[in-house]
Amino acid sequence: MSQLIHKAAVGVLLFTLSGLVNYKPTQAETAPQQSARVSQANSIKYQIFDSTNSPNKRYAVAWGIPGRKSNSPELDTNDDFDKVENYLVDTKTNKVITKLKYSKTFPNENHGGITTAWTPNSKLLLVVHNGKWQPRNVSLVNVNNVQVGIFDQLVKDTRAYLAKNDGAAFQKNKERLVFSLDTSKSFKLTDNSLQIPIDIYIPKAENGYERKVLLTYQVNTNGNPRVNLVKVKKLNFTP
């Protein structure tokens, strides 16, 4: 009898081990927000932002704090907000490709957050670090670790268009304007072009200056990403 019990126990153990070897985690168990990932390259623990994966699912945007011990997908009371970093990560090799120079947002940031758009070939990423009235930063990042901030150029091109086409109305209000990206709608980013809508207005002003334009750029992805203005189109402003 004891030999039969022993054989049965061994059989159960072997079956269990076999199940563990062939076990495949569910999508919920592998979701990035469930546990922190650690970069094999430099031991940086990071959390991937939802909806930032590249079309080929190879890359994503993440946040972390150097030396952070917690696995929480949100900041803890002991975390130092000022030390937050954002990263472009390779989800296949589990490595940080680069720290983002123009963005350092985190989940539930006050008047913050992140909006991204990828080229279809998964080689270039548009990153918008949102702010209260207008973005804190807008940048292009490629998977070869090259980054270019473009928000100043967006504002410059928009101002030049309004100065030329909006005359006295623009000149009267130009010092009080903010330039907000319409993140409720998808930016159109292709392998060689970018279309991006800009809302121009005066915060908290009733019946004030309100304009909307659509900027179209040619995008050069060879070497340093560059944008060259192709055209500006005036749109109807919808608050």
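This report describes a predicted model of a protein chain, moving from its overall make-up to individual residues.

## Confidence and overall make-up

The chain has an average pLDDT of 84, and 81% of its residues score at least 70. Over residues 1-35, however, pLDDT stays under 50, and the model has 12 contacts beyond four places in sequence for that stretch. Where pLDDT is low, the predicted coordinates should not be read in detail.

The secondary structure consists of 4 helices and 14 strands, and of the 239 residues in the chain, 43% are buried. When contacts between residues at least 6 apart in sequence are considered, 46% of them join residues at least 24 apart.

## Aromatic rings and a charge over a ring

A pair of aromatic rings is described by the distance of the centres and the angle of the planes. The model has 3 aromatic pairs. One of them is formed by Tyr59 and Trp118, whose ring centres are 6.1 Å apart and whose planes meet at 20°; because planes under 30 degrees apart count as stacked, this pair is stacked. Tyr59 belongs to strand 3 (residues 59-64) and Trp118 to strand 6 (residues 114-118), so the pair ties together parts that are 59 residues apart in sequence. Tyr59 and Trp118 are both buried.

Elsewhere, a charged side chain is placed over an aromatic ring: Arg211 lies over the face of Tyr209, at 4.2 Å from the ring centre.

## Helix 3 and its two sides

Helix 3 covers residues 151-165, and its 15 residues reach 21 Å from the first C-alpha to the last, which is close to the 21 Å expected at 1.5 Å a residue. Its buried residues are Phe151, Leu154, Val155, Asp157, Thr158, Tyr161 and Leu162. Seen down the helix axis, these buried residues fall within an arc of 165°, and therefore they line one face of helix 3.

On the other side of helix 3, the residues Asp152, Lys156 and Lys164 are exposed. Just after helix 3 comes Gly167, which takes a positive phi of about 50°.

Val128 is located in strand 7 (residues 124-129). Because buried means under 20% relative accessible area, Val128 counts as buried at 0% relative accessibility. Leaving aside neighbours within four places in sequence, Val128 is in contact with Gly113, Ile114, Thr115, Pro135, Asn137, Val138, Leu181 and Phe187. Between Val128 and Tyr102 there are 8.9 Å in space, C-alpha to C-alpha, although the two are 26 residues apart in sequence.

Ser139, in turn, has its place in strand 8 (residues 137-142), and with a relative accessible area of 4% it is buried. Not counting residues up to four places away in sequence, Ser139 touches Tyr102, Leu125, Leu126, Val127, Val148, Gly149 and Ile150.

## Tyr201 in strand 12

Tyr201 lies in strand 12, which spans residues 193-201, and Tyr201 is buried, with a relative accessible area of 18%. The C-alpha atoms of Tyr201 and Val178 are separated by 5.7 Å, while the two residues are 23 residues apart along the chain.

With residues up to four places away in sequence not counted, Tyr201 touches Trp133, Arg176, Leu177, Val178, Ser180, Tyr209, Glu210 and Phe237. Among these is Tyr209, the residue whose ring face has Arg211 lying over it.

Most residues other than glycine have a negative phi, and most peptide bonds are trans. Asn94 has a positive phi of about 60° although it is not a glycine. Asn94 is found in the loop between strand 4 (85-90) and strand 5 (95-99), where, at 18% relative accessibility, Asn94 counts as buried.

His111, which is likewise not a glycine, has a positive phi of about 50° and lies in the loop between strand 5 and strand 6. With a relative accessible area of 39%, His111 is partly exposed.

Note on methods: Residues are numbered from 1 along each chain as its sequence is written. This is a predicted model: local features need pLDDT of at least 70, side-chain atom pairs count only at pLDDT 80 or more; totals for chains, interfaces and linings use all residues. Side-chain values use heavy atoms; hydrogens and water are left out. Rings of Phe, Tyr and Trp (its six-membered ring) pair if their centres lie within 6.5 Å; planes under 30 degrees apart count as stacked, over 60 as edge-to-face and the rest as tilted. Buried means under 20% relative accessible area, exposed over 50%, partly exposed in between (1.4 Å probe, protein chains only). A charge sits over a ring if NZ of Lys or CZ of Arg is within 6 Å of the ring centre and within 35 degrees of the ring normal. The expected span of a helix is 1.5 Å times one less than its number of residues. The arc is that of the directions from the helix axis to the C-beta atoms. Contact means heavy atoms within 4.5 Å. pLDDT is the predictor's confidence in each residue, from 0 to 100.
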